[in-house]
Amino acid sequence: MKCENINIDSSRILLGAHRGDRKHFPENTMAAMRAAVQMGCDAIETDVRMTKDGHLVLIHDRDVSRTTDQSGLIDEMSLEEVRALDAGSWKGAAFAGEKIPTVEEFLSFIAPTNVIINWELKEYPVDLGKERAFACADRLIDLIDQFGMKKRSIMNSFSDQVLEHIADQYPGQFPIHGYLHYKEPKDFSKKPLESFLDWAAVWRKDECHPEGFAEDYEEILSLHILPCILVPDEKQHYQHALEMGCRMFTSDDPETALKILRELGCRS
């Protein structure tokens, strides 16, 4: 079932900050989130994982070594251990002491705003089993409900099984974002993926066509799914993607992306 419980204006071109403003701040930290909101982004894309003791936190990688001062797997750490990590120094001395946020901390900040959240669920059945992956999704949805964020939440995953679980257990309650043309899917859903997607990232792209191919946009649009993409933050790529039908950009440099969208007449 496609989403009916929606308060997201897809008639305009949306801009999402990829893990917050990760160009200028350590990704997926509250500093990056605050900057994205302050500059006027429509949405924030962020990543959700679950600690050993069942708490949800914002971090992209399963191994914390790339974005903290330590190493180890999130799912093998307690929340106390995760919160003791320095998630900012790798980006620069000015960010020393930044923490990995909990989902509750982020929701407390974002709920009073008008910003849409594109929640990417990073717990995959192939890595940690269906029970844990589905429990992570269920706990996130419970928190979203507690903070009144259902109408501003998009559910996103590279796991088609996780997306199908959400579509089956919460029918029509959330826009669902997936990857129709991803060359290495984590897994496969029982039902056709396109039967329950509301958004699809255009993924089949190459160095010469980072914005993707017209036939993929045409297929996505013919299925009454909204196309979105992450491209280099350069005007020509945004313009080409718009010409093919893109409705939402996710940006690593949202400040530059906003300037480009203004130049292209997508912002006042």
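Helices (H or I, at least four residues) and strands (E, at least two) are DSSP runs, numbered from the N terminus. The views below show a predicted model.

**View 1. Helix H1 packs against helix H3.** Two packed helices are described by the angle between their axes and the distance between the axes. H1 covers residues 30-39, and H3 covers residues 103-110. Their axes lie 11 Å apart, at an angle of about 20 degrees. H1 is therefore roughly parallel to H3, since angles under 35 degrees count as roughly parallel. The crossing of the two helices is right-handed.

**View 2. Residues of H1 and H3 meet at the contact.** From H1 come Met30, Met33, Arg34 and Val37. From H3 come Glu105, Phe106, Phe109 and Ile110. By class, this contact has six nonpolar and two charged residues, and no polar ones.

**View 3. Helix H5 runs from residue 130 to residue 146.** It has 17 residues. At 1.5 Å a residue, H5 should span 24 Å. Which residues of H5 are buried? They are Arg132, Ala133, Phe134, Cys136, Ala137, Leu140, Ile141, Leu143 and Ile144. An α-helix has 3.6 residues a turn, so residues three or four places apart point the same way.

**View 4. Gly148 follows H5.** This glycine has a positive phi, near 65 degrees. Gly148 sits in the loop between H5 and strand E5 (153-156). Is Gly148 buried or exposed? Its relative accessible area is 61%, so Gly148 is exposed; the cut-off for exposed is over 50%. Gly148 and Leu107 are 41 residues apart along the chain. Their C-alpha atoms are separated by 9.4 Å.

**View 5. Arg19 has a positive phi without being a glycine.** The value is near 65 degrees. Where is Arg19? Arg19 is in the loop between strand E1 (14-18) and H1. Arg19 counts as buried because its relative accessibility is 9%, and buried means under 20%.

**View 6. His224 also has a positive phi, though not a glycine.** Its phi is about 60 degrees. His224 lies in the loop between helix H7 (214-222) and strand E8 (226-229). With a relative accessible area of 71%, His224 is exposed.

Definitions and conventions
Residues are numbered from 1 along each chain as its sequence is written. This is a predicted model: local features need pLDDT of at least 70, side-chain atom pairs count only at pLDDT 80 or more; totals for chains, interfaces and linings use all residues. Side-chain values use heavy atoms; hydrogens and water are left out. Axes are lines fitted to C-alpha atoms, for helices over the stretch in contact, and angles run from 0 to 180 degrees between N-to-C directions. Angles under 35 degrees count as roughly parallel, over 145 as roughly antiparallel, 65 to 115 as roughly perpendicular and the rest as oblique. A crossing is left-handed if the near helix is turned anticlockwise from the far one by less than a right angle, and right-handed if clockwise. Contact means heavy atoms within 4.5 Å. Ala, Val, Leu, Ile, Met, Phe, Trp, Tyr, Cys and Pro count as nonpolar, Asp, Glu, Lys and Arg as charged, and the others, Gly among them, as polar. The expected span of a helix is 1.5 Å times one less than its number of residues. Buried means under 20% relative accessible area, exposed over 50%, partly exposed in between (1.4 Å probe, protein chains only).
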